[in-house]
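Here is a friendly briefing to read alongside the structure. Keep the sequence and the 3D view open as you go through the points.

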Amino acid sequence: MTPAGTGGPWGATGTGGTGGPWGATDTEEGGTGGNKGAATSRETGEPAATSKEAGEPAATSAATGCRSGGMPTGGGSRVVRPRELASHGPGSGSQQGGQNTTEQTMQLTSTLKMFLSMLWINGLRPAASKADPVSCRLWSEPQMPGLYMKGDFVIGGIFAIHYYMRSEQNTYTRQPPQPQCSGSMDFRQLRFARAMEFTIQEINNRTDLLPGITLGYQIHDSCAAVPMAIKVALLLANGMEPFFDYNNLCQNFAAAAVPAVVGDSPSTPSISIARMLGLFGIPQVSYYSTCACLSDKRQYPAFLRTVPSDHHQAAALAKMVKHFGWTWIGAVRSDSDYGNYGMASFLKAAQEEGICVEYSESYYRTQPRSKLERVANVIRRSTARVIVAFLHSGDMRFLLEELERQPPPPLQWIGSETWIIDPEFLRFNMCAGAIGFGVPRSVIPGLREFLLDLSPEQALKSPLLTEFWESSFSCSLKGSSGGARKCNGSEDIRALQNPYTDTSQLRVTNLVYKATYAIAHAIHGVICNDTQCDKSAKFAPWQILDQVKRVNFITKNGFWVTFDSNGDPVAIYELINWQIKKDGSIDFITVGHYDSSKPRGQEFSISRAVSWLGGKTEVPRSVCSESCPPGTRKAVQKGKPVCCYDCIPCGEGEISNNTDSLNCVQCHPEFWPNTQRNSCLPKPVEFLSWDDTLSIILTAFSITGAFMASYTARQ
């Protein structure tokens, strides 16, 4: 091993040379790296350009974070030395030995190194070095997709199929383990992922859309976690090649591994993905990320979605609460971007409608149990009989399970679209009568047959499908393990009754269907003309993004797909009511609609009767204070919202003739209030008769006074 030199901060070490700050060391023969100056390769002796002096990025792999001739700069990669370079044979750094010797003797300054770097960038590098590239290799194996199919163009898919990401304490003494999903599988999300598979197969069988082109897919599990979502986004942007050739840097930057991505479901991971993919102009079409913040095209220029923004849902919920006369409500939300942004929009709209909120609590499923118990106790002690729940499905499940331990008084639940249409929650009887907005129901011909066309042999080809099969049938496809029996082939997927096989309420599934078709139409617009498509066409991601923004078509099952300037669709919701059927089970029933494209004031409509909590037909009341009757005025209770007040009787000579009057009015002097003090009555005029005692007394006094006045006048 040759004597080691000293490398400055962030600089690679050389042999017998010294590297200045931010500069890699010189060649193995020696040399001094100037401050922030250009460095040279350990193997070739070639200068490595820096962005400080040359105005060009250094030879660094964005996919792996590997620097030629230096230490890995991040991203989990390291330098791989080609054998021909390590030998210093002909065509390598030995060809420049004379030049390097001169540099060592003259101790060139950092200014000269900058000059050499600029010459290197402008094409003066030796041809031999170009023939011997330095490549980088990933530290670990790339994350393999859960579902995969090759094609002429491969579309990425990201779905939150698991609830959690396995976390391990980092000891900083060994390479950290790769993030892995854990917890139970969400069969509903698996159905969404396989719906993307089905849609791509349907597109490949069409002759009018992308004729002669085969689309493929790479579908990954983000486990609803930001770290995993970012990792998957980088995989889809950079590809899964374990090696990176530094000579092909520009070509690799020009095209992404996938032209577009479908996903994710939760808003928080989608925000992280959108920030990453937006840097490269790779379009991301989400099927269920509803956070209103994602409409900001300055922050998320490449994000689009087939689900409406929560801005519309919040306005629709406020109008519905006002419609049913509820002025005193509780609110609980997920402590995430989805819940916080959504609830903020709702509270603003509710305030404009004159609705008061008794409490507004937040919870996230990874927070301590004590936080969950505190939120549940607030709900139990509340006087509001209506509660608006803007929660993720996972958070809502934990909350309802906690409330079941000690049920609160009957509550009227108002749900956001994530859980109000989730069949898993129909088992919670306390939510019977719940109402909320969901995306429209649909029918996708052929999807059910595709989902059920799954054999053990096919399931073994995918780790996700293997886990699904083994979890559904409580057996092992790979032999007995962990006490589970070996699957014997008698398992019948058609007999399963779970969210994967339930195609009776295809709502979000249809949004996946629409998102996949939108990307296919965009690719068609880039590579196809009137008669044929070019499967060898090269394009940049921004070209697909430009086409996705312009799509305007109707799907095979009759749904219109288009996006506005914010990348959002027209907001159309169905008003969903949880009604009890004759057999005692609960089912989703559509009782109304909301259409943001209709004129103001006509967006919300109810088409059939609503079944409230307990199966009652009468609208439940939820007010802080009952209405003040005529004859009283409202006096706001100190320290409480304006919806909480006392009814004070009108004072003497005052009335109020309206319900919930803020003030009492004084009667005219010739009028006085009635006993109810809700109207002013004329004062009666009474006439005296001669035989009244008062009349006789007054007459006597009058006559006496007259005589006294006459007598006084004569004197």
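Predicted model: local features only at pLDDT ≥ 70, side-chain atom pairs only at ≥ 80, totals over all residues.

Helices (H or I, at least four residues) and strands (E, at least two) are DSSP runs, numbered from the N terminus. Residues are numbered from 1 along each chain as its sequence is written, and side-chain values use heavy atoms, with hydrogens and water left out.

**The chain as a whole**

- The protein chain has 20 helices and 33 strands.
- Of its 715 residues, 49% count as buried; buried means under 20% relative accessible area, exposed over 50%, and partly exposed in between (1.4 Å probe, protein chains only).
- The accessible surface of the protein chain comes to about 34,600 Å², and 54% of that belongs to carbon and sulfur atoms. These areas come from the Shrake-Rupley method with a 1.4 Å probe; for residues, only the protein chains shown count as cover.
- Contact means heavy atoms within 4.5 Å. Among contacts between residues at least 6 apart in sequence, 63% join residues at least 24 apart.

**The loop between E13 and H9**

- A cis peptide bond joins Gly263 and Asp264, with omega about 0 degrees.
- Ser265 sits in the loop between strand E13 (261–262) and helix H9 (267–280), and Ser265 is buried, with a relative accessible area of 7%.
- Which residues does Ser265 touch, not counting residues up to four places away in sequence? They are Gln189, Ser270, Tyr287, Tyr288 and Ser289.
- With Gln189 there is also a polar contact between the two side chains, at 3.1 Å from Ser265. A polar contact is a pair of N or O atoms within 3.5 Å; within protein, one must be able to donate a hydrogen and the other to accept it, and residues adjacent in sequence count only if both atoms are side-chain atoms.

- 7 of the 7 residues of strand E16 (residues 328–334) are buried, so E16 is largely enclosed by the rest of the structure.
- In a regular strand the side chains alternate between the two faces of the sheet.
- Both faces of E16 are covered: Trp328, Gly330, Val332 and Ser334 are buried on one side, and Ile329, Ala331 and Arg333 are buried on the other.
- E16 runs parallel to strand E17 (residues 356–363), and 7 bridges join the two; strands pair if DSSP finds at least two bridges between them.
- From E16 the chain crosses through helix H11 (residues 337–352) to E17, and this β-α-β crossover is right-handed. Right-handed means that, with the strands pointing away from the viewer, the path from the first strand over the helix to the second runs clockwise.
- E16 also pairs with strand E18 (residues 386–390) in the parallel sense, over 5 bridges.

**Salt bridges**

- Side chains of opposite charge can pair when their charged atoms come close. A salt bridge here is a side-chain nitrogen of Lys or Arg within 4 Å of a carboxyl oxygen of Asp or Glu, and by this rule the count comes to 19.
- Lys535 forms a salt bridge with Asp152, and their closest N and O atoms are 3.9 Å apart. This pair links distant parts of the chain, 383 residues apart: Lys535 lies in the loop between helix H18 (508–527) and helix H19 (541–550), and Asp152 in the loop between strand E7 (147–149) and strand E8 (153–159).
- Lys535 is partly exposed at 49%, and Asp152 is partly exposed at 31%.
- Glu491 and Arg485 meet in a salt bridge of 3.4 Å, N to O; Glu491 is buried at 11%, whereas Arg485 is partly exposed at 38%.
- A network of salt bridges links Arg369, Glu373, Arg380, Glu402 and Arg405.

**Backbone angles to look at**

- Most residues other than glycine have a negative phi, and most peptide bonds are trans.
- Leu210 has a positive phi of about 50 degrees although it is not a glycine. Leu210 is in the loop between helix H6 (187–204) and strand E11 (215–221), and counts as buried at 1% relative accessibility.
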